[in-house]
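User: I have a protein model open and I'm new to this. Can you walk me through it?

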Amino acid sequence: MIIILKETTASAMQARLVAQFGAKTEIFTHDNRIALQGVNPDELPADVLAAADEVITDVPAAVQSSRLLHPEDTIIKTPHSVIGGADLVMMAGPCSVESAEHVMAMAKVAKQGGATVVRGGAFKPRTSPYSFQGLGETGLQYLRAAADANGLDMITEVMDDEHVEMVAKYTDIFQIGARNMQNFSLLKAVGQTNIPVALKRGMSATIDDVLNAAEYIAAGGNHQIMLLERGIRTFDNKYTRNTFDLGAVPVLQQLTHYPVIVDPSHAVGEWDLVTPMAMAGVAASASGMIVEIHDDPTHALSDGPQALKPKTYLKMAKQAFQLHDLMQTWD
Ligand code: PEP
Ligand code: MN
């Protein structure tokens, strides 16, 4: 249940409800709202009911993620980016950090295209244990250096709760990969930090699964969460790696206050399909996108087929910002 309280008496009523029900249930407050799990409206004292503008009983389990508790957008500020505001945030870089020189060069390209965040995996969740697994902490150091040299934020995947502390020493944003979306010990571990988390939708995760996964992070006290739509598995993966669930963008934006970012690269898996889907993500009002770039995709250590070469990326990024700017002029 969520109670929307009259502004004037909200804090007094919230304190009263916490005193009465706090020992028995989880309670969350936001401005003049309060959420009480497992309490029925008929248990509410008369003066609380009198001080309520509305009592909402149909409340999702992922209550902290819900706009019913937190109606306004969450805006995440990192040193070089504002994620979830009016701007379109561009995040770009190679799938994997391959070497100090390579990631430095790719960060420069990312920046040229208007990115404020450089990506790169140092711990890679590969389907085969014999595929390149990433450079580990050394890769984090290379990516940090590339981000700093170019005035960018850094995003990188953390795969294991035991690595959270170490990755936190380097990164501005944790990426939780699709395969780990329901790794609850990992979600709890990043929830204990104050570093923003980009949570990727699992390849067979429903919208409610994503929101409940985000709730694990919020439950630990970390509310700097963004959600990434990166394509889901459907019945046909012959022409695209995954099915880009574009409808998830406005659906998530309706349900939750967290910024929604699109990842057209993993969604389609083929470089020549990335630009149209990136544009579709902007048209769907995503708060940003994350794209993979590589100057020599055939020799990339991971995800070469979906990497945009610098020239293609620069063109795509220009068009994406143009479309975003145009959309800002619409009534
Ligand atoms: C990645 O970002 O390189 C990655 C492995 O993504 P996902 O978890 O979406 O597959
Ligand atoms: Mn990748």
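Analyst: One term to begin with: buried means under 20% relative accessible area, exposed means over 50%, and partly exposed is in between, using a 1.4 Å probe and protein chains only. This is a predicted model, where local features need pLDDT of at least 70, side-chain atom pairs count only at pLDDT 80 or more, and totals for chains, interfaces and linings use all residues. Residues are numbered from 1 along each chain as its sequence is written, chains are lettered from A and ligands numbered from 1 in the order in which they are written, and side-chain values use heavy atoms, with hydrogens and water left out.

User: Okay. Is proline 94 buried or exposed?

Analyst: Proline 94 counts as buried, because its relative accessibility is 0%. Proline 94 sits in the loop between E7 and H3. Those labels are DSSP runs numbered from the N terminus: helices (H or I) have at least four residues and strands (E) at least two.

User: What does proline 94 touch?

Analyst: Not counting residues up to four places away in sequence, its contacts (heavy atoms within 4.5 Å) include His102, Met106, Arg119 and Ile293. Proline 94 is also 7.5 Å from alanine 307, C-alpha to C-alpha, although 213 residues separate the two in sequence.

User: Switching topic. Which residues hold the manganese ion?

Analyst: The protein donors of the manganese ion (ligand 2) are Cys95 through SG, His266 through NE2, Glu292 through OE and Asp303 through OD, at 2.0 to 2.4 Å. Donors are N, O and S atoms within 2.8 Å of the metal (3.2 Å for Na, K and Ca); water is not among the atoms, so sites may look incomplete.

User: How are those donors spaced along the chain?

Analyst: The spacing is C-x170-H-x25-E-x10-D. Cysteine 95 is in the loop between strand E7 (89-93) and helix H3 (100-112), while histidine 266 is in helix H9 (residues 264-268), so this pair, 171 residues apart, links distant parts of the chain.

User: Are those two buried or exposed?

Analyst: Cysteine 95 is buried at 4% relative accessible area, and histidine 266 is buried at 7%.

User: What about glycine 269, where is that?

Analyst: Glycine 269 is in the loop between H9 and H10, and counts as buried at 8% relative accessibility. Leaving out residues up to four places away, glycine 269 touches Arg241, Pro264, Pro305 and Gln306.

User: Zooming out, how is the chain divided?

Analyst: There is domain 1 (2-56) and domain 2 (76-328), with bounds that come from an automatic or database domain assignment. Their centres, taken over C-alpha atoms, are 38 Å apart.

User: What does UniProt say for residues 75-328?

Analyst: An unreviewed UniProt entry places the feature "domain: DAHP synthetase I/KDSA" there. UniProt positions are given in the numbering used here, feature names are shortened, and annotations may be inferred rather than shown by experiment. Over residues 75-328 the chain is 38% helix and 16% strand, and the end C-alpha atoms are 18 Å apart.

User: How many residues are in the largest nonpolar core?

Analyst: The largest nonpolar core has 70 residues, and those with the most contacts inside it include Met90, Leu227 and Met289. Helix H7 (residues 207-219) gives the most to this core, with seven residues. A second, separate core has 15 residues, among them Met1 and Leu17. A nonpolar core is a set of buried Ala, Val, Leu, Ile, Met, Phe, Trp, Tyr and Cys residues joined through side-chain atoms within 4.5 Å.

User: And which residues is methionine 289 in contact with?

Analyst: Beyond neighbours within four places in sequence, methionine 289 is in contact with residues including Val89, Met90, Ile261, Val282 and Ala320.

User: How covered is strand E12?

Analyst: Strand E12 (residues 225-229) is mostly covered, with five of its five residues buried. Ile225, Leu227 and Glu229 are on one side, and Met226 and Leu228 on the other. In a regular strand the side chains alternate between the two faces of the sheet.

User: Which strand does E12 pair with?

Analyst: Strand E11 (residues 197-200) runs parallel to E12, joined by four bridges. Two strands pair if DSSP finds at least two bridges between them. Leucine 228 in E12 is the bridge partner of lysine 200.

User: Last one: what is phi at aspartate 31?

Analyst: Phi of aspartate 31 is near 45°, a positive value in a residue other than glycine. Most residues other than glycine have a negative phi. Aspartate 31 lies in the loop between strand E2 (27-30) and strand E3 (33-36), and counts as exposed at 57% relative accessibility.
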